[in-house]
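Biologist: I am new to this one. Could you show it to me and walk me through a few of its features?

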Amino acid sequence: MTNTACCKVGLLVDEYDLDSGETTDDIDDQLVSRWLGTGRQSSVGYRTLTEWFNKRLLRHAYERAGRTTISARIDGDYEALTADGIEKMEVVDELAADGIDAEAVLDDMISWSTMRNHLKDCLQASKEQQQADTDWERESIEIARERSTQKVKEALKSFKSKGRIEDEQDVEVDVRVQLCCSECPTRVPLDVALNRNYVCPDHKSIAPEDAERSIELAGNGGDSFHWSTSVHHRQEPSFGL
Ligand SMILES: [Zn+2]
Ligand SMILES: [Zn+2]
């Protein structure tokens, strides 16, 4: 898959020279395979991919400036830089001393929806395509997720107007469906469960009637709201939204 500046992601891949370096796979192949879970790792969502991509930008900025690129360092700095707390300024100053313009790198960092558009529009990748035989189930879940997202966005808007959440930052809502084992704390994304055909490795023989369905709603900043409801496995999912 070649990429000649299809969007902000493509531009950044060129600008930061992300396709050169340690791996042989190009970034787009890695993104798609991580998203679909076709590699050795299980599938991940936009948020995880976005964070991974943004950390690559940071890593390359460090490499260029000759700053150490150990993962723990990158993770810590990334967290501080994106959390907008007091620590952010410390890291910004530290990076400036090494000749890195942290604010410029932060400006380059992409949002969750940019990643989604890049995967779907630029790369024409689709999770549905992979499982064309089970389309209606996925479609109905997709519809439920979109409705939930809409509802949460409305609530969020109200929270912002009441000052419960500061509204300076542009926040995305991410609704995910997870399946939970009824016997232990194991919970896995629906896609993972479908890929491996079970929810919990330790309680595989448990009757699926006991399985719980849950929806996790997560904001951009890593805050998450969570609820679960029991759903009989023969019953159509009803989200009541
Ligand atoms: Zn793109
Ligand atoms: Zn279990």
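Modeller: Happy to; let us talk about confidence and then about a pair of helices.

Biologist: In which element is confidence lowest, and in which is it highest?

Modeller: This is a predicted model, and the mean pLDDT of its chain is 79, with 78% of the residues at 70 or more. Confidence is lowest in strand 4 (residues 224-230), at a mean of 39. The highest mean, 96, belongs to helix 6 (residues 102-108).

Biologist: How are helix 4 and helix 5 oriented to each other?

Modeller: The axes of helix 4 (residues 71-83) and helix 5 (residues 86-97) come within 7 Å and cross at roughly 120 degrees. Angles of 65 to 115 degrees count as roughly perpendicular and those over 145 as roughly antiparallel. Helix 4 and helix 5 are therefore oblique.

Biologist: Which residues of helix 5 make the contact with helix 4?

Modeller: From helix 4, the contact takes in Asp77, Ala80, Leu81 and Ala83. By class, the contact has 4 nonpolar, no polar and 3 charged residues. On the side of helix 5, the residues are Glu87, Lys88 and Val91.

Biologist: How far apart are the end C-alpha atoms of helix 5?

Modeller: Helix 5 has 12 residues, so at 1.5 Å a residue it should span 16 Å. The model agrees with that, as the end C-alpha atoms of helix 5 are apart by 18 Å.

Key
Residues are numbered from 1 along each chain as its sequence is written. Chains are lettered from A and ligands numbered from 1 in the order in which they are written. This is a predicted model: local features need pLDDT of at least 70, side-chain atom pairs count only at pLDDT 80 or more; totals for chains, interfaces and linings use all residues. Axes are lines fitted to C-alpha atoms, for helices over the stretch in contact, and angles run from 0 to 180 degrees between N-to-C directions. Helices (H or I, at least four residues) and strands (E, at least two) are DSSP runs, numbered from the N terminus. Angles under 35 degrees count as roughly parallel, over 145 as roughly antiparallel, 65 to 115 as roughly perpendicular and the rest as oblique. Two residues are in contact if their C-beta atoms, placed from the backbone, lie within 7 Å. Ala, Val, Leu, Ile, Met, Phe, Trp, Tyr, Cys and Pro count as nonpolar, Asp, Glu, Lys and Arg as charged, and the others, Gly among them, as polar. pLDDT is the predictor's confidence in each residue, from 0 to 100. The expected span of a helix is 1.5 Å times one less than its number of residues.
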